[in-house]
Amino acid sequence: MTTNRIVLKFQKLHPDAVLPSYAHDTDAAFDIYTVETKELKPGERYIFKTGLLSEIPVGWWVSIRDRSGNAAKFGLHTMAGVIDSGYRGEWGVVVVNLGESK
């Protein structure tokens, strides 16, 4: 099975930054990682930095979404998840803890 995917160019801003990758060839989305370690208290939200910036082709955008496992197990929810093609800053992921523990 062939998949049609666009090419995104990334630049590492941090030595610990990990380039996004697909866990499986058939996945609809790639995984991204943070360069930070932080525990979120219930109700707390935080912007986790990825240590990456990118060049997204004109006419495309990136949508950052929850992974169902993190949402179901821990109550973690991703907010504000659109990165437009013209944005050239560091990717950040806004996460809120809707669970009952940190």
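Student: Which backbone oxygen lies 2.8 Å from a polar atom of the side chain of asparagine 97?
Tutor: The backbone oxygen of leucine 40 lies at that distance from the side chain of asparagine 97. Please keep in mind that this model is predicted.

Student: Where is asparagine 97 found, and is it buried or exposed?
Tutor: Asparagine 97 belongs to strand β7, which covers residues 92–97. A residue counts as buried when its relative accessible area is under 20%. The value for asparagine 97 is 2%, so this residue is buried.

Student: How many helices and strands does the protein have, and in what order do they come?
Tutor: There are 1 helix and 7 strands. Read from the N terminus, the elements follow the order β-β-β-β-α-β-β-β. The C-alpha trace spans about 40 × 30 × 25 Å along its principal axes. Of the 102 residues, 25% count as buried.

Student: How are strands arranged in the open sheet of 3 strands?
Tutor: Their order is β2-β7-β5, and the pairing is antiparallel. β2 and β5 (76–79) stand at the edges with a single partner strand each, so one side of each has no neighbour in the sheet. On average, neighbouring strands of this sheet are turned by 35° against each other, direction ignored.

Student: How many bridges join β5 to β7?
Tutor: These two antiparallel strands are joined by 4 bridges. Across from histidine 77 stands valine 96 in β7.

Student: What does valine 95 touch, leaving out residues up to four places away in sequence?
Tutor: Valine 95, which also lies in strand β7, touches Leu40, Glu44, Arg45, Tyr46, Phe48, Leu76 and His77. Its relative accessible area is 12%, and valine 95 is therefore buried. Valine 95 and isoleucine 47 are 48 residues apart in sequence, yet their C-alpha atoms are 6.4 Å apart in space. For the protein, 57% of the contacts between residues at least 6 apart in sequence join residues at least 24 apart.

Student: How should I read a pocket, and how much space lies in the largest pocket?
Tutor: Rolling a probe the size of a water molecule over the atoms shows where empty space is left. In this protein, the largest pocket holds about 1,400 Å³ of space. Of the 46 residues that line this pocket, the closest to its centre are Phe30, Asp31, Ile32, Ile64 and Arg65. Two or more lining residues come from each of β2, β4 (61–63), α1 (68–74), β5 and β7.

Student: Where is aspartate 31 found, and what is it in contact with?
Tutor: Aspartate 31 is placed in the loop between β1 (9–12) and β2 (45–49). Apart from neighbours within four places in sequence, aspartate 31 is in contact with Pro20, Ser21, Ala23 and Arg67. Because its relative accessible area is 18%, aspartate 31 counts as buried.

Student: How should I read a phi angle, and what is phi of alanine 80?
Tutor: Most residues other than glycine have a negative phi. Alanine 80 has a positive phi, near 50°, and is a residue other than glycine. Alanine 80 sits in the loop between β5 and β6 (82–84).

Student: Why does alanine 80 count as exposed?
Tutor: A residue is called exposed when its relative accessible area is over 50%. Alanine 80 counts as exposed because its relative accessibility is 68%.

Methods: Residues numbered from 1 in each chain as written. Predicted model: local features only at pLDDT ≥ 70, side-chain atom pairs only at ≥ 80, totals over all residues. Heavy atoms only, no water. Buried < 20%, exposed > 50% of the residue type's maximum accessible area, 1.4 Å probe, protein only. Contact = heavy atoms within 4.5 Å. Polar contact = N/O pair within 3.5 Å; in protein donor to acceptor, adjacent residues only side chain to side chain. Pairing = 2+ DSSP bridges. Axes fitted to C-alpha atoms, helices over the stretch in contact; angles between N-to-C directions. 1 Å grid on protein atoms, 1.4 Å probe; cavity = no way out; pocket = protein on both sides within 12 Å on 5 of 7 lines; lining within 4 Å. Points joined across faces, edges and corners; volume = space filled by probe spheres on them.
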